[in-house]
Amino acid sequence: MAKAGHAWSRAATERGEAEQEEEEEDAVDAMIARTGCLEQHRRLQECMAERQDWRHCRQELRAFGACMARRE
């Protein structure tokens, strides 16, 4: 019979995972910022968070894609 573990150890693991995800997001933001397209990316992210469906964010998606294409 396996032990489920202590709540404090699970919480510490979950915090560690959240911190790692935040660091990875920061790295993505930094990479996008270097392209000059961070504002378009944030608008797209906000739309996606609000609408929960990329099809409602086509204008933001096109703007971000066009900005990134100019950087290539």
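Q: Is C47 buried or exposed?

A: A residue is called buried under 20% relative accessible area, exposed over 50%, and partly exposed in between, with a 1.4 Å probe and protein chains only. C47 is buried, because its relative accessible area is 10%. The model is a predicted one, in which local features need pLDDT of at least 70 and side-chain atom pairs count only at pLDDT 80 or more, while totals for chains, interfaces and linings use all residues. Residues are numbered from 1 along each chain as its sequence is written, and side-chain values use heavy atoms, with hydrogens and water left out.

Q: Where does C47 lie, and which residues does C47 touch?

A: Helices are DSSP runs of H or I with at least four residues, strands are runs of E with at least two, and both are numbered from the N terminus. C47 belongs to helix α2, residues 38-51. A contact means heavy atoms within 4.5 Å. Leaving aside residues up to four places away in sequence, C47 touches Q52, H56, C57 and E60. As for R58, its C-alpha is 9.5 Å from that of C47, at a sequence separation of 11 residues.

Q: Which residues of α2 are buried?

A: They are L38, Q40, H41, L44 and C47. H41 counts as buried because its relative accessible area is 11%. Apart from residues up to four places away in sequence, H41 touches D29, I32 and F64.

Q: How is the span of α2 read?

A: The expected span of a helix is 1.5 Å times one less than its number of residues. With 14 residues, α2 reaches 20 Å from first to last C-alpha, close to the expected 20 Å. After α2 comes Q52, with a positive phi near 60°.

Q: What pattern does the protein follow along its sequence?

A: The pattern is α-α-α, with three helices and zero strands. Of the 72 residues in the protein, 17% are buried. Among contacts with a separation of 6 or more, 37% join residues 24 or more positions apart.
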